Amino acid sequence: MKFGILRERKSPPDKRVVFSPSKLLEFKRLFPDAEIKVEASDIRVFTDEQYKELGIDVTEDVSDCDVLIGVKEVPIDALIPGKKYFFFSHTIKKQPYNQKMLQAVLDNDITLYDHETVINRDGKRLLGFGRYAGIVGTYNAFRAFCLKYDLHDLPKAESLTGKEELISRLKKLYLPPFKVVLTGHGKVGMGAKEILDAVKIKEVSINDFLTKSYDVPVYVHIDVLDYNRRKDGEPAIGNAEFFTGAEDFESDFARFANAADMFIAGHFHGNNAPDILTAEMLAGKDCKLKVVADISCDVAGPVACTLRSSTIAEPLYGYNPLTRQEVDVFHPAAVVVMAVDNLPCELPKDASEGFGDMFLQHVIPAFFNDDAHGILERAVIAEHGKLAPRFKYLDGYVKENVPHT
């Protein structure tokens, strides 16, 4: 079987890649029957020469490959009919901006696997860049705090060599006492926690966070039942009750907004879950929040001050709680918002290496063991021009309007 590693074609440019040069060597060692080509790229974090030096074939033409692997969506005019593709398609929520791309996949008899839909038998996602979003988002939160209050001039994460330099920069900071509340216990939230712990921010209990004062920076890491409560006032039995009946809950986040200086949002937010940080909480006379780093970046979603996504070039904007409008970061009333929606792009080397580890462990074996664990079967969105059974709900979003045999 022949695999092609695609050049990223979306704009703005993305330097990430699924496999680093060294990981491709490991791929070849584990699966010696595999043939591998890398499509030439002048933007990838690993240069063409780094692949060539390890004896990996770098070429302008990967059209003879059976499986084509990328990170972001492949533009319609670059899709090759009849091939198997693996990339983040951003279609399973019926995203309108990729409707035509998925239609082109069907019309061209393409088999599409999505990184996002690679799950185990229990439905747990096996691939993602979430950890690196958490790492970079937390660094950016500290950078926002320092810029707002003219404490330190931290460089952008994208200008640093990787996670270790990012941590080193944060460790050198002298920070005043302040409180950080962190949501999320998935890859994003744990990536954020990784940075907080690495720079020795003290973790405290919920009760201490809400009631005590400190002479050093501290943080609290909260779960869904810490910031949501049942509407009827009865205690919830466990997280499962929230996940299956979120409409019976309301946000209890105000107590954290009234105690914290910084909110790092690393949670997953379900469709029926209550909003977490509302406009009313932000406008409350006791709200102390100065920085909101919305790593999850759900625009017009559960964090009211996330009015729009921001960019790596311009990562910060201000939110005026009284007018509920965007203002300058240095406006006296502004809560500083960081809502970059492609944070892992700021650490492309680390993110690529970490993703390659997961892809080689969980996905590549399925191509050689007749998909013994059902990885490909669960991950496929479209096959030979037809929607896969798991994704038949996308019919209507797209149409299987070309005869397929």
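I start with a cut-off: a disulfide is a pair of cysteine sulfur atoms within 2.5 Å. This is a predicted model, so I keep in mind that local features need pLDDT of at least 70, side-chain atom pairs count only at pLDDT 80 or more, and totals for chains, interfaces and linings use all residues. Residues are numbered from 1 along each chain as its sequence is written, and side-chain values use heavy atoms, with hydrogens and water left out.

**Cysteines**

How many disulfides does the rule give? I get zero. I looked up why for Cys297: its closest cysteine sulfur is in Cys305, 11 Å away, and that is too far for a bond. For Cys345 the closest cysteine sulfur belongs to Cys297, at 13 Å, again too far for a bond.

Next I checked whether these side chains are buried (under 20% relative accessible area; exposed is over 50%, partly exposed in between, with a 1.4 Å probe and protein chains only). Cys297 is buried at 12%, and Cys345 is buried at 11%.

**Aromatic pairs**

My rule for rings: those of Phe, Tyr and Trp (its six-membered ring) pair if their centres lie within 6.5 Å; planes under 30 degrees apart are stacked, over 60 edge-to-face, and the rest tilted. Searching the whole structure, I find 25 aromatic pairs. One of them is Phe19 with Phe27: the centres are 5.5 Å apart and the planes sit at 45°, so I log the pair as tilted. Phe19 is buried at 0% relative accessibility, and Phe27 is buried at 0% too.

Phe19 also pairs with Phe359, with centres 5.6 Å apart and planes at 85°, so this pair goes down as edge-to-face. Where do the two residues of this pair lie in the chain? Phe19 is in the loop between β1 (2-5) and α1 (21-30), while Phe359 is in helix α12 (residues 348-362), 340 residues apart. (Helices are DSSP runs of H or I, at least four residues; strands are runs of E, at least two; both are numbered from the N terminus.) Phe359 is buried as well, at 0%.

I note one aromatic cluster whose members include Phe19, Phe27, Phe129 and Phe359.

**Charges over rings**

A charge sits over a ring if NZ of Lys or CZ of Arg is within 6 Å of the ring centre and within 35 degrees of the ring normal. Arg16 lies over the face of Phe129, 4.3 Å from the ring centre. Lys179 lies over the face of Phe209, at 5.3 Å.
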